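Me: I am new to this structure and would like to know what stands behind the words used for it. Please show it to me before we start.

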Amino acid sequence: MKDLFKLPMNLQFFAEQDDEQETGADDENQQQDPPERKFTRAEMAGIIAAEVKKATEAIVQKKDEEIQQAKTEAEKLAQMNEDQKSEYERQQREDALSKREADITARELRAQVTVQLTEDNLPAELTDLLNFSDADACNNSYQKVKDAFAKATGSFDEAVQAEVNKRLANSADQPLGNGHQSAAGNNNPWSEESFNLTEQGRILTEDPERAKLLMQQAKK
C-alpha cells in the first residue's frame, strides 16, 4: 500500500492539461460577442422623459399658434359690423371649400399623370415638375416637360450614335484586332479594286457592324 505513494508522477502532463484548459477558456471568451449595452432604470427614465418633453413642447407650440390665430381672428371680427362679419365668414367658407376641391383635383390629376408617364415610358419623378392646379394647366405642363425630356434624351442619343459612327469609320481603315490582316491589306474587300469573298466572310463573322460600313463605302 505504501508503494503506491512512491510511484513517479508526471507533473508536466498535469501542467499541460491546465494550460490547455486555460487556453480553451480564453479562446471561448474571445469568440463571444461583446455584451450589449444595458441601460439602467435611471437612464431609461431620462430618455423617456426627454422624448415626452420634446413631444409636449411641439404640442404646446402648435396650440399657441392656434390660440394666436384665433385671437387675431377675434380681433378682426370685433372691428366689423354685422354685414362685414357675414361677408367675411362667407368668404372663409368659400376659401376652405376651394382649398378642399383643389386638393382633391391635384390628387386625381397626379394619379392620372402617373399612369400616363408609365405609358409614355417616362420616369415617374417628372410628376414633381407638373402643375396640378387644374386639368388644362396639368396638360400644358405635361407636354412641356415631355418635350423637354425627349429633346434632352434625343440629343444624348444622337451624341452617342455620332461617336459610334466615328469609331466605326476609323476602324474601317484599320485591320481587325487579334493580329488578323486581310489578304488585300487595309483595302475594302467589297470594293471593285480589292474584291475578296474570303475576307468578306471573315469580317461578316467577326465584326458585322464594320462589314456593314465597308459595304456602304464600297457603294459610293
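This is a predicted model: local features need pLDDT of at least 70, side-chain atom pairs count only at pLDDT 80 or more; totals for chains, interfaces and linings use all residues.

Reply: Residues are numbered from 1 along each chain as its sequence is written, and side-chain values use heavy atoms, without hydrogens and water.

Me: In which helix is confidence lowest, and in which is it highest?

Reply: pLDDT is the predictor's confidence in each residue, from 0 to 100. Helix α1 (residues 11-31) has the lowest mean, 51, and helix α3 (residues 82-119) the highest, 88. Over residues 1-7 the pLDDT is below 50, and this stretch has 0 contacts (heavy atoms within 4.5 Å) beyond near neighbours in sequence.

Me: Why is Q200 called buried?

Reply: Buried means under 20% relative accessible area, exposed over 50%, and partly exposed in between, with a 1.4 Å probe and protein chains only. Q200 has 8% relative accessibility, so Q200 counts as buried.

Me: What does Q200 touch, leaving aside its neighbours within four places in sequence?

Reply: Q200, in helix α5 (residues 197-206), is in contact with P189, W190 and F195. A polar atom of the Q200 side chain lies 2.8 Å from the backbone oxygen of P189.

Me: Why does V52 count as partly exposed?

Reply: V52 is at 48% relative accessibility, and therefore counts as partly exposed. V52 lies in helix α2 (residues 41-78).

Terms used
Helices (H or I, at least four residues) and strands (E, at least two) are DSSP runs, numbered from the N terminus. A polar contact is a pair of N or O atoms within 3.5 Å; within protein, one must be able to donate a hydrogen and the other to accept it, and residues adjacent in sequence count only if both atoms are side-chain atoms.
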